[in-house]
Structure formats: C-alpha cells, structure tokens
Amino acid sequence: AALTHCEVMLQDIKDSKRINSNVQQKEKDSQQSDGVGLGQMHPLVLSQHYWPSALTKVDHPRFRLPAPLENALADYSAAYGKTKANRAVQWKRAHGLVEITVQFADRSLNVTVTPVHYAVLACFSEAKGSPTRLSLEELMTQLELPDALVRKRVAFWVAKGVLKEVTANVYELQESAPAEDRIIQSGFTLAQNT
C-alpha cells in the first residue's frame, strides 16, 4: 500500500509538470502588469488522499496573499480549468515558495521564502506613513493568521535585517543597513581585496 502511495505521488509530480507546460503554452501572453505571470508559477497538483496529512489539511481559510499573487493564482485557476475540464484547483496559500528580491536604499536581498513570509513583508510595503511601522497585532489582523505564525515570520525578517523592533511588538522596515553592518561589510570587502 505504501508503494502505491509513492507511485501516485510520483505521478502527481509528472502530471503537474505536464499541466504547467500546457497552461503556460496556452497563456503565454498572460503577464501581469506587476510582474507575476503564469510562466513564473510552478504549482504542484496533489491527489489529497495520498500525500502526507500536513499538505492536505485545511489551510488558514481567511488568509489572503498580496494582490499580485492572488491575481496570479486566479489566472492560473482559470487556465487550469480550461486545460482540465470539470476540475478546479484548491490552493494551499500558506504552502510553497516565493522567490523575491527585496530592494532597499543601500542594498538588495534575494531570498526564497514561504508565501506567509512574503505576505508579512508586503504588509509593510502597503502600509501608509513613513517610517512604516506595524504592530504584531496589526499584522495578525491584516493577514488573519495566528500569533505564533506571524511572530515567527516577523522574527525571520528581523534576523535578515529587513525589519527592526522599535518598541515591544512594533516593527519598522529598515531602508538602510545599520552602521555597524556597513562597517563589517566594508571591512570584509577590504580583507577580500588585500
């Protein structure tokens, strides 16, 4: 029985590649104005009864990704429906990976993160005001996700130097690296050049 599950899982991966290729062929001109097109998406379509329960359990039902990703998911769903008649995609929004480049005044950061990480950071870019400050409570409300999940994603961005905790549970986007980081980076560059 376990081997049957593996065969189904391998077939899902193979079918997903074929479906993605078909969707991308039919929708080549479907590039979003904000840069998220079907050609950049590579969903894995799972047979829910054969994959580990962590992948098939109910996702956070009210969690929504930032608009560019939600629009791309809707476009892919429509294209998938044309490719696989009478079938629909049920997205697991908190699963998967997103490759992003975070641009700052003095640096850029290329990272591969989960959609939840991306959504947390997007809240800061969509927020009004300068400097952009959001509390953990505001993030939880905006994303409609539990405290522990949001707190862990915020901690990731703090560790990367993207966010800074300005007061207890209030975070700010760091447009430029702290002075001590710039000194360390320039010292490393000097050591490399000698």
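1. Glu 70 is buried, and Arg 93 is buried too. Buried here means under 20% relative accessible area; exposed means over 50%, and partly exposed lies in between (1.4 Å probe, protein chains only). Glu 70 and Arg 93 form a salt bridge, with their closest N and O atoms 2.7 Å apart. The term covers a side-chain nitrogen of Lys or Arg within 4 Å of a carboxyl oxygen of Asp or Glu. The pair links distant parts of the chain: Glu 70 sits in helix 3, Arg 93 in the loop between helix 3 and strand 1 (98-103), 23 residues apart.

2. Basis of the note. The model is predicted: local features need pLDDT of at least 70, side-chain atom pairs count only at pLDDT 80 or more, and totals for chains, interfaces and linings use all residues. Residues are numbered from 1 along each chain as its sequence is written, and side-chain values use heavy atoms, with hydrogens and water left out.

3. Overall layout. The chain has 7 helices and 5 strands. Its order along the sequence is α-α-α-β-β-α-β-α-α-β-β-α. Helices (H or I, at least four residues) and strands (E, at least two) are DSSP runs, numbered from the N terminus.

4. Burial and surface. The chain has 194 residues, and 35% of them are buried. The chain exposes about 12,200 Å², of which carbon and sulfur atoms supply 53%. Accessible areas come from the Shrake-Rupley method with a 1.4 Å probe; for residues, only the protein chains shown count as cover.

5. Contact range. Take the contacts between residues at least 6 apart in sequence: 59% of them join residues at least 24 apart. A contact means heavy atoms within 4.5 Å.

6. Helix 4 against helix 6. Helix 4 (residues 115-126) packs on helix 6 (residues 147-159) at about 75 degrees, with the axes 9 Å apart. That makes helix 4 roughly perpendicular to helix 6. Axes are lines fitted to C-alpha atoms, for helices over the stretch in contact, and angles run from 0 to 180 degrees between N-to-C directions. Angles under 35 degrees count as roughly parallel, over 145 as roughly antiparallel, 65 to 115 as roughly perpendicular, and the rest as oblique. On helix 4 the contact uses Val 116, His 117, Val 120 and Leu 121; on helix 6 it uses Leu 149, Arg 153, Val 154, Phe 156 and Trp 157. By class, this contact of helix 4 with helix 6 holds 7 nonpolar, 1 polar and 1 charged residues. Ala, Val, Leu, Ile, Met, Phe, Trp, Tyr, Cys and Pro count as nonpolar, Asp, Glu, Lys and Arg as charged, and the others, Gly among them, as polar.

7. Helix 4 against helix 5. These two pack at about 105 degrees, with their axes 10 Å apart. Helix 4 is therefore roughly perpendicular to helix 5. Helix 4 contributes Ala 119, Val 120, Cys 123, Phe 124 and Glu 126, while helix 5 contributes Leu 139, Gln 142 and Leu 143. The residues of this contact divide into 6 nonpolar, 1 polar and 1 charged.

8. Other salt bridges. The structure holds 6 salt bridges. One of them joins the side chains of Glu 144 and Arg 62 (2.3 Å, N to O). Glu 144 lies in the loop between helix 5 (136-143) and helix 6, and Arg 62 in the loop between helix 2 (53-56) and helix 3 (67-83), so the pair ties together parts 82 residues apart in sequence. Arg 62 is exposed, at 59% relative accessible area. Another salt bridge pairs Arg 151 with Asp 147 (3.2 Å, N to O). Both residues lie in helix 6, 4 residues apart, about one turn of the helix. Arg 151 is partly exposed at 35%, and Asp 147 is partly exposed at 32%.

9. Backbone points to check. Most residues other than glycine have a negative phi. Asn 86 has a positive phi of about 65 degrees and is not a glycine. Asn 86 sits in the loop between helix 3 and strand 1 and is exposed, at 82% relative accessibility. Glu 144 also has a positive phi, near 55 degrees. Glu 144 is partly exposed, with a relative accessible area of 35%.

10. Phe 104. This residue lies in the loop between strand 1 and strand 2 (108-113). Phe 104 is buried, with a relative accessible area of 10%. Leaving aside neighbours within four places in sequence, Phe 104 is in contact with Leu 109, Val 162, Gln 174 and Glu 175. The C-alpha atoms of Phe 104 and Ser 176 are separated by 6.3 Å, though the residues are 72 apart along the chain.
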